[in-house]
Amino acid sequence: MNVLEVEDLRVRIDTPRGVASVVNGLSYSVAPGETVAVVGESGSGKSVSVAALLGLLPGTATVTGSARFHDGDRVRDLLTLTEPELRSVRGNGIGMVFQDPMTSLNPVLTVGRQVAEGLLAHRRVPSRRQARERAAELLAEVGLPDPRGVLDRFPHELSGGMRQRVVIAIALAGEPRLLVADEATTALDVTVQAQILDLVAGLQSEHGTGVVWITHDLGVVAGIADRVLVMYGGRCIEDGGVDDVFEASAHPYTRGLLGSLPARTAAVGRSDLVAIPGTPPPPTDLPPGCVFWPRCPVRSDPRCEHEQPPLQEVAGRGGSRPGRPHRAATFCSSEGKVS
Ligand SMILES: Nc1ncnc2c1ncn2[C@@H]1O[C@H](COP(=O)(O)OP(=O)(O)OP(=O)(O)O)[C@@H](O)[C@H]1O
Ligand SMILES: [Mg+2]
């Protein structure tokens with residue numbers, strides 16, 4: 001059984017320039033212990049797609065579709081929960097780490113108080129004293145020097161990287177069923193990043209935590225992902241097992257994005273997504289056919305301009321787990337020729 005099943009997620013946001021179609025029919029699932037990496041150029045809708053699941057979008061946004069979250073025997077559609085229900089799910093069943101750590105921290109409470117509150121609220125520890133002890137341990141686990149000293153400091157007294165590690169400690173403290181991380185380790189030193197990725201892997205093997213990990217860093221994707229979901233123009237244009245996507249990308253966008261990586265090993269180490277000539281279409285003005293068509297280096301099928309290619313199964317090893325195929329939204333064959 002999956003931890004999360006997202007189906008036909010759509011997000012429209014009212015803007016002064018018209019309605020922005022930011023997420024356009026996204027479907028994916030995350031199995032227990034599985035890590036799904038979400039990649040794509042800036043503006044492809046990665047952050048909005050996860051913020052939508054957690055009720056963190058502004059009132060100008062309209063969200064449709066479903067997002068079933070399996071927490072033990074309970075299955076809830078996150079998109080139908082009330083704000084108090086979502087608050088209890090966030091940070092309890094679902095841990096989250098976002099791009100800007102200040103948005104997740106309360107500026108007027110000490111770090112110790114914020115980490116301990118979470119532990120007490122989730123009944124991970126019986127007393128305040130033990131909560132403080134455990135909070136110090138967690139801060140040490142995310143690589144913060146002088147964790148006891150940090151407990152008594154306020155968020156503004158810490159550096160950006162230190163704040164990010166506090167947010168990660170809070171997210172992991174709840175031993176969540178699902179961890180949603182949006183550029184969680186991008187600002188951190190490589191050694192600290194490796195320590196945090198190890199912590200997450202430990203949580204996954206111990207508690208079967210499913211992970212959605214948004215990143216521009218292909219080294220991280222190669223190191224931690226079971227599956228990769230490639231977003232463009234608010235759509236999933238390719239997804240599959242990490243080896244399938246890295247070694248046999250079926251969509252010209254993915255091939256451009258990965259810089260025509262010859263093999264997965266080429267991505268190990270720190271390397272970021274490659275820039276593709278041109279810019280993504282604004283979400284207020286998406287092209288009618290294939291969303292990548294205006295920039296596509298191999299476009300030649302007349303259908304691409306008018307028809308949106310559906311996600312279809314393509315050749316691959318079938319992903320890292322049974323029942324998780326390699327899919328791509330393209331009329332091209334995997335060699336880039338028209339099918
Ligand atoms: N509150 C908002 N109002 C209007 N448009 C928005 C809002 N939030 C996001 N968008 C638009 O939605 C699109 C997707 O944004 P999103 O933040 O999800 O991109 P992203 O893939 O996370 O990019 P990055 O890699 O830079 O973090 C962008 O075009 C952005 O301008
Ligand atoms: Mg983002």
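Student: How many cavities of 30 Å³ or more does the structure hold?

Tutor: A cavity is, on a 1 Å grid over the protein atoms alone, a set of points where a 1.4 Å probe fits but cannot get out, and its volume is the space filled by probe spheres set on the points, which are joined across faces, edges and corners. This is a predicted model, in which local features need pLDDT of at least 70 and side-chain atom pairs pLDDT 80 or more, while totals for chains, interfaces and linings use all residues. Residues are numbered from 1 along each chain as written, chains are lettered from A and ligands numbered from 1 in the order written, and side-chain values use heavy atoms, without hydrogens and water. The number of cavities of 30 Å³ or more is two.

Student: What is the volume of the largest cavity, and which residues line it?

Tutor: Lining residues are those with an atom within 4 Å of a grid point. By class, this lining has nine nonpolar, two polar and one charged residues, where Ala, Val, Leu, Ile, Met, Phe, Trp, Tyr, Cys and Pro count as nonpolar, Asp, Glu, Lys and Arg as charged, and the others, Gly among them, as polar. The volume is about 70 Å³, and the lining consists of H251, P252, C290, F292, W293, C296, R299, C304, P309, T330, F331 and C332.

Student: Which element gives the most to the lining of the second largest cavity?

Tutor: This cavity holds about 30 Å³ of space, and its lining divides into eight nonpolar, one polar and one charged residues, with K46, S49 and V50 among them. At least two lining residues each come from β2 (18–30), α1, β8 (210–214) and β9 (227–232), helices (H or I, at least four residues) and strands (E, at least two) being DSSP runs numbered from the N terminus. The element that gives the most, with three residues, is α1.

Student: Which residues lie closest to ligand 1, and what element gives the most to its shell?

Tutor: The shell has 15 residues, each with a heavy atom within 4 Å of the ligand, and these divide into five nonpolar, eight polar and two charged. The closest residues include S42, K46, S47, V48 and H216, and the element that gives the most, with three residues, is α1.

Student: Where does H216 make its polar contact with ligand 1, and at what distance?

Tutor: A polar contact to the ligand is a pair of N or O atoms within 3.5 Å. K46 brings a polar side-chain atom to 2.7 Å from a ligand oxygen, whereas V48 uses a backbone N or O atom, at 2.9 Å from an oxygen of ligand 1. For H216 the contact runs from a side-chain N or O atom to a ligand oxygen, at 2.8 Å.

Note on methods:
A polar contact is a pair of N or O atoms within 3.5 Å; within protein, one must be able to donate a hydrogen and the other to accept it, and residues adjacent in sequence count only if both atoms are side-chain atoms. On a 1 Å grid over the protein atoms alone, a cavity is a set of points where a 1.4 Å probe fits but cannot get out, and a pocket is an open set with protein on both sides within 12 Å along at least five of seven lines; lining residues have an atom within 4 Å of a point.
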